[in-house]
Each structure stands twice: as C-alpha cells, then as structure tokens.
Amino acid sequence: MTDVLSELDRIDIKILRCLQEDGRLSNLKLAEAVALSPTAVLARVQRLTKDGYILGYEARLNPLKLSAGLMVFVEVLLDRTTPNVFEAFKAAVQVRAEIMECHMVAGGFDYLLKTRMADMSAYREFAGTVLWQLPGVRETRTYAVMEEVKNTTHLALG
C-alpha cells in the first residue's frame with residue numbers, strides 16, 4: 001500500500017479521505033478542506049477518478065428499514081474446480097440481488113458469499129431454491145450474523 005500511496009501527494013490523500021467520509025461533499029467544501037481552489041480540486045478529483053482511485057459514489061442504505069436485516073455469510077465448496085464450473089458459478093451469483101458480495105478464496109472452500117435478506121425464513125427459502133441450485137455447489141456452510149460489530153467501506157490511507 002505504501003508504494004501506491006507514494007504516487008499520491010498529501011493533497012490527493014486528503015481529498016480521498018474527505019470524499020471517503022462524505023461522498024456528497026460539494027467541490028467548494030472539498031476545496032476549503034484541502035486549501036486549494038475549486039478548479040484545482042475538481043481537476044484532481046477528475047484525475048483520481050480517471051486513474052481508478054475513485055470508483056464511484058453511492059448512498060449507504062439501512063438494511064433494517066429495507067427488509068434486509070439478516071446478514072448471512074456462506075462458505076461454498078464446488079464439486080469441481082474447473083474453469084467452466086467457476087465461470088458458471090460466477091455468472092449465476094451476479095444476477096442474485098440477495099448476494100451482496102462473492103469472493104473466491106484460498107483455503108478449505110472455494111467462495112465466500114455475503115448475503116442479506118429479511119429474516120431466517122427468507123434465508124431458508126433462498127438456500128433451498130437458489131443457493132443449493134447454483135452451478136457446481138457441492139457443500140455450503142452458513143454463518144448467520146448475530147451482531148454487526150464493525151461495518152465500513154473506508155480504506156486506511158496511511
């Protein structure tokens with residue numbers, strides 16, 4: 001991380017920190033926060049976006065208010081680890097809104113899924129009609145979250 005951050009100057013890093021805290025920060029407020037002109041800040045934000053440091057902006061929604069209060073992590077073990085099985089599995093999870101994240105991992109299983117739904121009944125329905133029907137799934141292990149201790153999208157910026 002240090003090597004990548006050395007490509008950015010302290011103002012770039014401060015811009016990223018500010019936008020990570022509040023993506024709706026106006027260009028004028030951002031300029032005040034980093035002590036640059038609005039024109040210079042806009043040019044930097046555009047460069048940081050073009051260079052891939054800023055991926056986009058979105059609102060963080062409250063899952064409890066939107067019938068998605070239950071978070072469940074699922075370990076998935078595939079029956080075969082061949083490129084076509086991986087591709088079929090990856091394509092199938094892309095279209096499921098309940099699957100928030102899908103990560104190929106090293107270790108005792110192939111993928112780790114983060115899912116959200118209304119409650120355990122909804123999860124059981126999802127598991128029976130979707131999860132166990134995903135291409136190549138041989139085995140799953142489910143971990144229902146009892147308490148969310150930390151949830152952030154913020155990256156450490158040195």
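I start with strand pairing: β1 and β4, residues 137-144, run antiparallel and are joined by 7 bridges. Within that pairing, Phe73 sits opposite Tyr143 in β4. Please keep in mind that this is a predicted model.

β1 also pairs with β3, again antiparallel, over 7 bridges. Here you can find Val74, whose bridge partner in β3 is Leu113.

How many of the 9 residues of β1 are buried? The count is 8, so β1 is largely enclosed by the rest of the structure.

I am showing the second largest pocket, with a volume of about 640 Å³. It is lined by 22 residues, and those closest to its centre are Arg60, Met100, Lys114, Arg116 and Asn151. Three strands, β1 (70-78), β2 (99-104) and β3 (111-117), each contribute at least two residues to the lining. By residue type, that lining has 10 nonpolar, 8 charged and 4 polar residues.

Last, the cysteines. How many disulfides does a search of the whole structure find? The search returns 0. Cys18 has 17% relative accessibility, and the cut-off for buried is under 20%, so Cys18 counts as buried. Cys102 is at 28%, which lies between the 20% and 50% cut-offs, so Cys102 counts as partly exposed.

That is what I have; questions are welcome.

Methods. Residues are numbered from 1 along each chain as its sequence is written. This is a predicted model: local features need pLDDT of at least 70, side-chain atom pairs count only at pLDDT 80 or more; totals for chains, interfaces and linings use all residues. Side-chain values use heavy atoms; hydrogens and water are left out. On a 1 Å grid over the protein atoms alone, a cavity is a set of points where a 1.4 Å probe fits but cannot get out, and a pocket is an open set with protein on both sides within 12 Å along at least five of seven lines; lining residues have an atom within 4 Å of a point. Grid points are joined across faces, edges and corners, and a volume is the space filled by probe spheres set on the points. Helices (H or I, at least four residues) and strands (E, at least two) are DSSP runs, numbered from the N terminus. Ala, Val, Leu, Ile, Met, Phe, Trp, Tyr, Cys and Pro count as nonpolar, Asp, Glu, Lys and Arg as charged, and the others, Gly among them, as polar. Buried means under 20% relative accessible area, exposed over 50%, partly exposed in between (1.4 Å probe, protein chains only). Two strands pair if DSSP finds at least two bridges between them. A disulfide is a pair of cysteine sulfur atoms within 2.5 Å.
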